[in-house]
Every structure is written in C-alpha cells, then in structure tokens.
Amino acid sequence: MTLFLTALFAGLAVGSVYGLIALSYTVVFNSTAIFNVAQGDLMMAGVLVAYFCLDRWHLAQILTLLIIIAVVVSLSLVEERVAVRPFVKRPVVGLGWFIATLAFSLVIETVASIIYGQNPVVPIPSALGGGSVHVAGVHVANKFILAFATMIVILVALEVFYKRTWLGTAMRGVAEDREVAALRGIDALRISRLAFIIAGLVTGLAAFVVAPIVSADVTVGLTYGLKGFIALAVGGFGSLRGCVIGGLLLGVAEQMFDLYVSSNYEILAALILVLLVLAVRPSGLFGRTAVREV
Amino acid sequence: MSTAIGAGDPLLVVSDLHAGYGSLQAVAGISFEVRAAETVALIGRNGAGKTTSLLSIAGLRYGKFPGSVKLTGVDVTRATSRQIVDAGLAHVPEGHRIFASLSVEENLRLGAYTRRRSGRKAVASTMERVFDLFPILRTYATRNAGFLSGGEQQMVAIGQALMAEPKVLMLDEPTSGLAPIVIRTIYDAVAQLRDQGLAILIVEQSVPRALANSSRCYVMERGRIVISGESTTLAQDEHVFAIVRGTEEVPSPARTS
Amino acid sequence: MNGSNALNDLTDRLGLDSRAWLRWAVPVVLIVFLYIVPQLGGNGSFRMGEYEEVLSFLVIAVALNIAMGYGGQYILGITAVFAVGAYGAILAAKYHPHGIGLVAMCIIGGAGGAVGGLIIGLPALRVGGFYLALVSLFAALAIPTVAQQWGFVGADTGIPLYAVNGFAPEISGEELYFIVVSLVLLATLFSWALVHSRVGHRFVALHTSQQLATSIGIRSYRTQLSAILISSTMAGLAGGLYVYTQQFFAPGSSSVQFAVLLLAGMTIGGMGTITGPLIGSVIILGINQFFTSFQQYNGIVFGVLLLGFAVFLPDGLMARVTVLSARLGINAPRTRSLTSGPAGAAAGVAAVAAPSVPEPTPATAMTEKPAARLPAWPPILGASDSSPLVVKGAKRTFGGVTAVDDMDLTLTRGQIHGLIGSNGSGKTTLLNLISRFYSLDAGQIRIGSTRLDNQPAHAVARSGIARTFQSPKLMLRETALENVIPAVELRVRCTGAESILRLPRGVRTNRQAHDEALEILEALGLHHVIDQKATALPHGTRRLVEMARAIALRPSFVLLDEPAAGLSPVELEMVAEVCQNLARSGVGVLLIEHNVPMVLSIADTVTCLHQGKRLFQGTPAELRADTNVASVFLGVDEPLEASS
C-alpha cells in the first residue's frame, strides 16, 4: 500500500509539471489557435536559469524566481515576434506556424546545450527546502507539494482571469471571432502578444517549482513539451481543467507503469495512454469540440 | 447619447470610396453621406459590393485604394478599426455574429471594451439602456449566447455594437433569415435609436422593407451607386425593383479590373 | 520528323512535359552529382559509409514528402518508423547472417515500417492535423528511449552487424555505392510516378480540402491511411538499406533531432515538389554530416534557417526555380489539346509572365461563349436506377435553430428544379443534407428503394450525385485540367498500383481521364485556361471549372449552390446553357439561386423556401402568379413580372 501511495503522490507531482506546461499551451492556443511547440523548451530554459542562480551563484530563492520569470517572458516575446506573429496576421492555414515554433525550440535547445555544456544532471535546491511531510502514512517531499499547489493556484488564477477581467474576456472573444473583435476595437495582435506574456509567466513559475523535481537537464525540453501535449490531448483541448486532469492522469499513469510493469520502459506509458485516448475519445475527456481543422 | 450634434449634420461622409480583393474591384468609387437622426438604406443585388463597402468603412481595409471616409468631420480613411470605434462608428456585420461561448452579458461588456477605463458604472448604465431597447436580453443575461435563436443573437450583436456609444451605426442585413415579428422588433429599435440622434446605415435585402424603414436610399450595382433619393420617391420607381431583382441591366461603364 | 514524334509519344505516354527543361535540369544534375560524389570527395570505405548514410536518409525524405508534401499528413515522427524497420532488418541479419542480403533487408525493413506506421498513424488519423505531427514526434522520441533499455536490441550500444560471425555483405565498395544511389533514384521516380497518378491526385485533393475530396467520392480515411502506409513502408525500407550499408544500428541512429533536421531539409527545399525535399535534405544532411567542426552550433543554424524559410519562403527553394524559369520564359507547358492545338500553347506562354502564386488575371475570364453546341452528358454514375431522388420529411436543427423543417422535395431526372428563398431559408442546408455533408435529424432521402441518408458522403457522390460549393473549392496549385481529372478518375476503374506503375490499364485510364476532362473543359469554353493554375483564375472561371468537375463525374444528379453569384453576363449564359444541357442529357439538376429571373427562365419546377419550410412548389408560371410568395419572399404586393 505504501508503495502505491508513494507512486501516487510522485505521479501527482510529476503530473503537476505536465499540467503546468499544458496550461501554458492553452493560454496561447486560446488566443491564437497556435500550439506553441517550444513551450517545453521555454520551461527547460527557466530550469537552467534556476540552476545557475541557485547552484552556481547561490542567489536567494525570491530573486531567482524573478530572474526566471524575466528570462522566460523575454524569450516568449521574442518567439511571438519572430515565429508566431507572421502567422497570426494571416488566417491560420497549413502548419507553417508549427514548423516555425519547432524551429525556435531547436534553437533554444542548442543554445542551452552550448551554455550548459556537458555538465552532468545536477539537483537544484527547492524553495521549501529538502524536507517532507507525512500524508496518509507516506513521506511526500515538500517540493512535490509546492509543484502541485502552484498548479492549482495558477489554474484558479487563470479561470478568474478569463472570467472576471476585461483582458481575459477579450481574449476569449478574439479566439472565437477575430473579425467581430476587431470591429469592437479589440486589437487581435496585441492580444496574442499579451497571451504570450501570460504564458511566459505561467511557464516561468512552473520552471521555478519544477526545477527541483527534474534537475538541470538540457535534453528534456522536447520530452516535457511533448508530454505536456499528451496531457492536453488526454484532458481535452481548450479546457483549463482538462489540462490539469490530463497532466495528473499522465503523471500517475507513468508512476503506476513504473511500479507494476517496468520502470525502464516508462515512456511507453505516455504513448499507450495517448493512443488509447485518441482511439476512444479523440476530443479528450473535457474537450469541447474536435481539434480544429488545420 | 451626445447632444452636441445637431439633427441633420452629416456624421458619415464617404467620398469616391474604392475597395477590392487583389485585382478585383468590388467597390468602384461610391460617395454618400448619412446624417444624424436619420436612417439610410443601401440596397442592391448580391455581389453588388454593399458588404465590402461597409467593411471597408469600418476599417477592415482591403488594400490601399483611393477615396475617403470622414466621421463627424474626422478623416478616418487610413485609420485602424480601433481608431474608428473610438471615433464613433460601430458596424454590425451580417450573419448575427457574436461570441458564442460567452454569455450575453459578457458579449455586451466586450462591446464596451474601448470604454473600459470609464468605469464600471458607466458601462453598466449603457448596458441598462441596451436592455431597455431589447428587453428580452435581460432575461437571458447569463445564458451562453450560442444557445439563443438567430433573432436574439442579432439583438446581442446590435447591443454589443451600441455598448461603445457610437454616433454612427452600420447594419449589414440585420434581418436576413429572421421571423417577421423579430424583424419588427429590430426595426422598432432602429427607429428608437434614430430618434435618439444616431446616424444609421442599413444594408437590406428586401427592397420594400428597406424603403419602408429609411428616409433615404442608395442603390448599388456592380460596385457603383446607380440610383439614390428619398425612400418615398423610390418606392414608386419600377426601375429600383427591377435592378435589385436582376431583371434589368443598368447601362454602366465597363467594370474596371 | 519521326524522331521527335516518337519522343513526343513517349513523353505523352508517361505524362511528361518535355518543355519544362529547367525544372528537369535540377534533379538530373543532382542525381549525376550524387553518382560522382566518391570521385569528388574521396572513396575510402569510411567516407563511402558516410555517403551511404546520407543517401539512406534521402529515401526517408522522399517518403516523408509523399505523406506530408502531397498528402498533407504530418508524420514528422517517420524516423520512428525508420528505426522500427532498421531494427527489424538488423535483427533478422543477426540471427540469419547467411540468408539475409540487401534485398531481404529492404523487404523486412519495409514490412517493419508498415507495421510501425499503422500503429502510430491509425489512432492519430481521426484527429489529424498537428495532432498527428506531435504524436508521431513523441513516437520518434519513445522508440529510441525504449531501445536504450532493451537488451534484445542491444540496449545503448546497439547491434554491430560487422561483429556477427558469418555476416559478410556480398556487395561493397563502389558497386554498393552505385546501387544505393540507384535506389534513391528509383525511390524518387516512384514518388514522381505516384504523384502523377490517380493516387497522387487523391492525396492532393484531400490535402486541399476534405469537403472537396468527398464531393468527388474520395474516401478520406482510406486515402490518408494509404499515404501513411506508403511512406512508412518506404521509410522502413530506408532502414533496411541503412543497416546493410552501415552494418550497425543503435538508438542514437535515429532521434527526434533527426526528425527536425529532415523537416528542415524539406521546408528549405520546398515540400510541394519532388525535387525540393531532395535538394534541401542533401544540403541540410550534408552539412550535418560533413561539416562537423562546428556541429555544436548546427542546431542554431538549422533552426534559424528553418524559421526563416517557414516565415518568408514557405514554398522553399524549388518554388524560386519555378519562378526563375517562368521569368526566363522556358517553362511553357505544352497543351495536348484536342481541338485547339497551338492556341493552347500560346495561352500557356502568356501565362508564363505570372509569378509563382499569381493573382487572378482578367485575361483568363471568359469573354465569349464557344460557338459549338454542348455535347450530351448522359449519366454514367447511378445510371442503373432511373428513379427520381426523393426527399421526405427532412429536418435538421443547429443549436436552437431549425434550419430545415419537414421538407419534401423530388428531383426528377432530366429536369431542372430551382430552389429559391432568402438568406437563411435553408437552401444550402438542404443541399448539404442531400449530399450527406450534414446528417438528417428526421426524415429520409432516397433514390428508388436505396436510402441515401444513412450512407457516408463519399458514397453518395459515388452513386452519382455531384455538387458544387457556394465558394468554389479548387486545388489552387493545380491547373484547371488537373482539377477536373480526379473526377473522371473516379469513374474509370483501375487500381492504384496500375496507375502508379504505368501498367497498360493504368496508362489507358490515365489518358482517358486526361482526354475526358479536356473535352468537358473545352466544351465549356475554357480551353484557354487548361494549363493555368487555379489560383490565377478569376472567380467566374473558377466557378465554371468547378462545374466542369461536377459534370466530369457524369452524375445522375447535379446540385448547384448559387452558381450565378458574381458571374458576368456571358458566364451566366454559359451556366444556364449547361443546366439545360444537363437536363437534356437526362441529368436531374437542383439549382439553388438568388437570381430569380434566371431560375424562372430555365427551371421546370421551382420550390421556394422560407425559414426552413416549403413556402411554394410549382412551375415558374404558377410562381409568378402566386401573390403569397411575392409578398412573403419578395415583400411586394403585386405578382412577379415576367422576366425579360
């Protein structure tokens, strides 16, 4: 039983990582109809910044957080300007934007491996320290709880943002009908830029709480990015709650696969899960409509 | 609404407007004006260029073409759609388009997006006036706009445009596909708005309906205005009906391309 | 001159275009270059191994181009399929070193690739689009990760075939190199042949628009699947080839980064062509392989290149070549016209001045109707049953709105049935219901005793119901002729393989499709636009081309959705004549229109819809006299005057 619970909580923690990435995807997708392939790499960049700030330069946690957010938001804005805006201006046709964001992720990955080099994977200290709590007779690391809590807080914050603020409501409108939004004086290009800033904020925060869990590893950008996509596919495109549920499901599925089948082939858990969901319920658990025709 | 404008002042003045798609000229030089407290109708066959004209005036530009558009005296020919809204023009495109996944209230609120800094009370009071105009929307305030009928969605669309407190309102086929009683409701509302001082331009598919609900009327054919005049006069004119139905060819200069 | 006639015949038979020599020069030069690379860059055995590695990757690029560039299936993770095929081949060789040679490895690789492609492709097919791209990318990530842990396939170190006792490749050195380049050439020729066959036409149609493809009877699921299968098999075959030449395979041999590199090569070269991906891949893979001093920075260079091309030059380098050759005036396509000989070629030359994505030119609009009478188009599809098409009690709601309510309508063969009504009255919905683009909430649609409303849309098209769209749907990068050909291909029976491989029946049906499509376009007065890309055609001409496509199906019923909108008077006359000619030929025509006088002048029966219900049904004369229709529909109190 303890083994099961340990795996469950670990799954919820890792799942929070996926959920946070999925939330960032959704923020961008809901305003631009574009799926930002580079989101996982942006998070990895944030994790690297955390490594430098905490392991190398021994800065304070709060300062680290601010620096991470600054870096990730800047990178997001650059990406928006360079890889996304040309496609948002035209009606979204074809997969040119997909290739562009994929190219951007390649650049980030290469730069990151040049900077970080051949250094081994190194653990990063957590904001809450290395302690753990007792839950249901099992030790749960503080950093796991921080990741999970952050995801929930961000989910709630995003829901409030979309429902209660002018900007959030405007974003939802732009996603529905860009032309009508323009006729009401809502600038779609500004909105998509803002969406990238918000996504950058979410990703930056995610990187901060996730860094102690995944450690400094430059190779995982695309992996986490793809797993974040799987979380979305499972939970349902366009749904904030779907992101969270999908991410948690994926994380738990992986840990259970580790426990009961084999830990060497953990990656198969994600592959099987996504193929299953697509076969049985293509729009995901909470998805509203089928994925838009591209 | 604003009282600084006198009834009869031309609020929308369009001169030699051109618009098109690539090498296709959909609008080949039209000039007209709409004054405060009046309703003007724009009629013509499908493909005559009416919708393109309105979209062009509203700032969804189709290339750089000659012509000018003035709103309350301000030149907005090259303005962005945001600036045009600020200058006092609101356009309701055809097809009762609204934000389907948002509630009626959220839809209306978004109409006031450009006025969001003027405070919650100001926006709320405008929304009240919209509800006075279309009482049925008050009952549906929290319902998702996507679940309303076509006529109700059209009311939301018009209400949304009114939330920006425009001085000029343009409606593209506001009653197409709607039941007669809804058509009546919408035109009654239009009349009220006109009495409050708005300058209103309506594109209408039905000629008699257009003439009955406007004081002046322009007829477009192949990108140009071919007939214009008082609605009561045009109602007697056989040619108007024939042109719109397509049974009569208007001798016009060759279409530029 | 007999010699050039014979050459012309040969090129005709293969469907070639002998005057577009610049476009041909590029691939020929490339292939020659590939053959002589060892002469240029050194032919030591290690070097040759490196060349052969790149060449194997080129085969993957060709495969990916088929699926992605033409079929629109973004299986970026095709490297996963490549790995599956490679592992299959190398395992077979490891355990049977004496029995397995190059051919066997390629076959086993191909089979492995097909299986891998099915596993990845099938579930993602239902959602398509970037889902397929991402899921396959994930598979490309997962396969090497799994292989790293699996002892059976050598885990991290892989399987070194050269260390296996008894394994001795029969072919090696320059002989092997020559064979490998020839295999790349073969793969390229195959993809070229496929693209210019009925299979390739289906891919492009589906890639353009699922609605378009369905309306000419293409089964989208099956077509997508065949695109994935064909390219997966080829990628797996590349795996077998790789293993034979490298005698080694490890998880590191194929990775996600590699998939991105391939994508870069294809984008830079230009995905919509045969040669583009080859050139781009040679450049990218060549740089990656041979310029290793700064390999660390490769990702940045490739990433920036890929980004730049995706944003500014999405059509890639080959598109520039096409523009260049157009500017130089050497790309005039030769029209094999049945009636207009040199005129077609002249029109082709005139069009050459246009850029690669030209704007509609008025020169291609119809200015005069053809003098000849229209030929008869008796139904072929659905001709076995002569019953009318009957709609009974049809109902369809969207959200809270009832678009069509309790609708009855009968389409009789040989008659024109006009359908009028104001915007939103349900006309297009009804057409979509009949053609099965929407499904019924209640009621039935049948022809005789066969029910239509429970069949998929493509089956309805195949049973002889053609339709057009309110906004013409054409394959914009294809010529007018190429837009009509797939409709004929639906009718003339032939397997995909015969068409691709140019077997006798394939050649015959390819030519038949070409000729019949040509006939119809010429009858409609469109011979001057046959070789023009659809994107260069103005609206009216596009509409006529779409009508030609519908006619090419030789259907029993044609459903026309507002064909007159935006047409010039000459084009309008053409449309009216076409409708009448169809009726004369025994086809049932449903004509949805706003242009009431036109409908009244040619229709045998008219139905008037209002808010989803039937307001009136009868002859034009009865409609004119009906004051109810006039007042509700047109809002006037006097009956409609007779049209001029």
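## Contact between chains A and B

In this predicted model, chain B puts 22 residues into its contact with chain A, and chain A puts in 15 residues. On the side of chain B that touches chain A, the elements giving two or more residues are helix H2 (81-86) and helix H3 (104-111) of chain B. That side of chain B is made up of 10 nonpolar, six polar and six charged residues.

## Domains of chain B

Where the domains meet, 13 residues come from domain 1 of chain B and nine residues from domain 2 of chain B.

On the side of domain 1 that touches domain 2, at least two residues each come from H2, strand E7 (168-172) and helix H7 (180-195) of chain B. H7(B) gives the most to this side, with four residues. By class, this side of domain 1 of chain B has nine nonpolar, two polar and two charged residues.

## Helix packing in chain C

Helix H8 (residues 198-208) and helix H10 (residues 220-246) of chain C pack with their axes 10 Å apart, at an angle of about 115 degrees. H8(C) and H10(C) are therefore roughly perpendicular to each other. The crossing of H8(C) past H10(C) is left-handed.

From H8(C), the contact involves Val199(C), Arg202(C), Phe203(C) and Leu206(C). From H10(C), Ser220(C), Thr223(C), Gln224(C), Ser226(C) and Ala227(C) take part. The residues of this contact between H8(C) and H10(C) comprise four nonpolar, four polar and one charged.

Conventions
Residues are numbered from 1 along each chain as its sequence is written. Chains are lettered from A and ligands numbered from 1 in the order in which they are written. This is a predicted model: local features need pLDDT of at least 70, side-chain atom pairs count only at pLDDT 80 or more; totals for chains, interfaces and linings use all residues. Two residues are in contact if their C-beta atoms, placed from the backbone, lie within 7 Å. Ala, Val, Leu, Ile, Met, Phe, Trp, Tyr, Cys and Pro count as nonpolar, Asp, Glu, Lys and Arg as charged, and the others, Gly among them, as polar. Axes are lines fitted to C-alpha atoms, for helices over the stretch in contact, and angles run from 0 to 180 degrees between N-to-C directions. Angles under 35 degrees count as roughly parallel, over 145 as roughly antiparallel, 65 to 115 as roughly perpendicular and the rest as oblique. A crossing is left-handed if the near helix is turned anticlockwise from the far one by less than a right angle, and right-handed if clockwise.
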